[in-house]
Amino acid sequence: MAYVKPGNPKLIVDLNKLRHNIEYVKRMCAKDGVQIAGVIKGCTGLFPCVEQFERAGVQFIGSSRLEHLAELKEQGVQAPLLMVRIPMISEAEDVVRICEYSLNSELATLKTLNKHARTQGKIHNVILMADLGDLREGWWDKEEMTDVAEIVENELENLHLAGVGVNVGCYGSVLATTEKLQELVDVAEKIEARIGRELEIISGGATSSLMRIMDGNLPERINNLRVGEGILLAYDLPTLYGYDYQNMHQDVFTLRAEVIEVKDKPSHPVGEIGFDAFGHRVQYEDRGIRKRALLGLGKVDYGDPAELLPRMQGIQILGASSDHTILDIQALADQGKEIMVGDVLEFDLNYATMVYLTNSGNIDKVFI
Ligand SMILES: *Cc1c(COP(=O)(O)O)cnc(C)c1O
């Protein structure tokens, strides 16, 4: 018989709060004539989460991972699926089979998509990506991009050129300013002049472009944004950029982890110091004897312990190995708050810890 875990650690996902966030962002965007792709890679495409996006009626459901989208297709998701990581040639056949839309930046890949679309008797929709300075995907040379748009339009008969898009912020930390996004509209209009018709979709980026909607200075023709973080966590816009996001829930996800040891110990390791479990030389601060707690989960589950956000004040995360997390709880003890073995502590997530935790087979996912 398979081992059934008693329940900790677990990730609690509040679907009502998620639904609220989706509806809120969707409404905010709709006022500016912008539709959204709900990007679900951050939560590993967890199906109950995706259902909330679908019920809210988003324009597309997108992921960077074809395996997420394949699973959704299998589960019967009806919303058009959008592959947001430009496809590998080796997965082009599956992209056409699984997704209605994909973002693209290479003619060779487009030709392969076209070939498979023909074989499968389909028209696959493509959005061509412009690189406007963030230096991840997209054409830097906009003349070449326009030439390729013309080839897609006139020669690749099983592709439909649905529009253009941009991504900023992910690598180069470039901001989605009005000027940047206007550059995308200019590229779109150059392509439209060349092919002699309007493009349906001008996709102006991800969560960071919501700032333009909140400031009321999104260029008029941008009509799609691809939003993940700004709905799932709603953390970056208020925390990094100081936007008012009070109407959004920042606690859609709650990590619950169980305390497995509580002891007073020295804060500096005792003995000759070599390397930690991951081959790093670590500096340890000597603060004398402190009260510490261990949690029964570790880096394998969430990545970097420094990125876990304890809900309870007075908990300091000291570090972790693969399967243990080490906390300093002396500040709590000083306030007379006792943490005991078997207690469960709660944490908020950021993007990286959400990605790891939703992926971890060690973590029970509970949907409320
Ligand atoms: C991940 C991704 C998004 C969504 O980004 P968020 O910051 O989570 O909103 C949008 N577009 C592309 C191309 C992506 O890779």
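The chain exposes about 17,200 Å², of which carbon and sulfur atoms supply 48%. The model is predicted. Its chain comprises 13 helices and 16 strands, and its C-alpha atoms fill a box of roughly 75 × 50 × 45 Å along the principal axes. Of the 368 residues, 48% are buried. When contacts between residues at least 6 apart in sequence are considered, 65% join residues at least 24 apart.

In helix α13, which spans residues 351–359, the buried residues are Thr-353, Met-354, Leu-357 and Thr-358. Viewed down the axis of α13, these buried residues fall within an arc of 120 degrees, so they line one face of the helix. An α-helix has 3.6 residues a turn, so residues three or four places apart point the same way. The buried residues of α13 are covered by elements that include β1 (10–13), α9 (229–232), β10 (253–266), α11 (299–302) and β16 (364–367). At the start of α13, a side-chain oxygen of Asn-350 comes to within 3.2 Å of the backbone nitrogen of Ala-352. In helix α2 (residues 47–56), the buried residues are Pro-48, Cys-49, Val-50, Gln-52, Phe-53 and Ala-56.

Most residues other than glycine have a negative phi, and most peptide bonds are trans. Thr-44, in the loop between β2 (35–39) and α2, has a phi near 55 degrees, a positive value in a residue other than glycine. With a relative accessible area of 16%, Thr-44 is buried. Leu-135 has a phi near 65 degrees, likewise positive in a residue other than glycine, and lies in the loop between β6 and α6. At 51% relative accessibility, Leu-135 counts as exposed. A cis peptide bond joins Asn-8 and Pro-9, with omega about -5 degrees; Pro-9 is found in the segment before β1.

Together with Trp-140 and Tyr-171, Leu-135 makes a nonpolar surface patch of about 420 Å². Trp-140 is found in the loop between β6 (124–130) and α6 (142–154) and is exposed, with a relative accessible area of 57%.

The structure holds 24 salt bridges. In one of them, the side chains of Glu-143 and Lys-190 meet at 2.9 Å, N to O. Glu-143 lies in helix α6 and Lys-190 in helix α7 (residues 178–195), so this pair ties together parts that are 47 residues apart in sequence. Both partners are partly exposed: Glu-143 has a relative accessibility of 39%, and Lys-190 has a relative accessible area of 35%. Glu-143 and Lys-190 belong to a network of salt bridges that also links Asp-147, Glu-150 and Arg-194.

A salt bridge between the side chains of Lys-265 and Glu-261 has an N to O distance of 2.8 Å. Lys-265 is partly exposed, with a relative accessible area of 31%, and Glu-261 is partly exposed at 21%. The side chains of Asp-348 and Arg-311 also meet in a salt bridge, at 2.8 Å, N to O. Asp-348 lies in strand β15 (residues 344–348) and Arg-311 in the loop between β12 (309–310) and β13 (316–320), so the pair ties together parts that are 37 residues apart in sequence. Arg-311 counts as partly exposed, at 32% relative accessibility.

Leaving aside neighbours within four places in sequence, Ala-79 is in contact with Glu-54, Ile-61 and Glu-100. Ala-79 and Thr-325 are 246 residues apart in sequence, and their C-alpha atoms are 40 Å apart in space.

Key. Residues are numbered from 1 along each chain as its sequence is written. This is a predicted model: local features need pLDDT of at least 70, side-chain atom pairs count only at pLDDT 80 or more; totals for chains, interfaces and linings use all residues. Side-chain values use heavy atoms; hydrogens and water are left out. Buried means under 20% relative accessible area, exposed over 50%, partly exposed in between (1.4 Å probe, protein chains only). Helices (H or I, at least four residues) and strands (E, at least two) are DSSP runs, numbered from the N terminus. The arc is that of the directions from the helix axis to the C-beta atoms. Contact means heavy atoms within 4.5 Å. A polar contact is a pair of N or O atoms within 3.5 Å; within protein, one must be able to donate a hydrogen and the other to accept it, and residues adjacent in sequence count only if both atoms are side-chain atoms. Patches are made of residues with over 30% relative accessible area and no salt bridge: like charges are joined within 9 Å, nonpolar side chains (Val, Leu, Ile, Met, Phe, Trp, Tyr) within 5 Å. Accessible areas come from the Shrake-Rupley method with a 1.4 Å probe; for residues, only the protein chains shown count as cover. A salt bridge is a side-chain nitrogen of Lys or Arg within 4 Å of a carboxyl oxygen of Asp or Glu.
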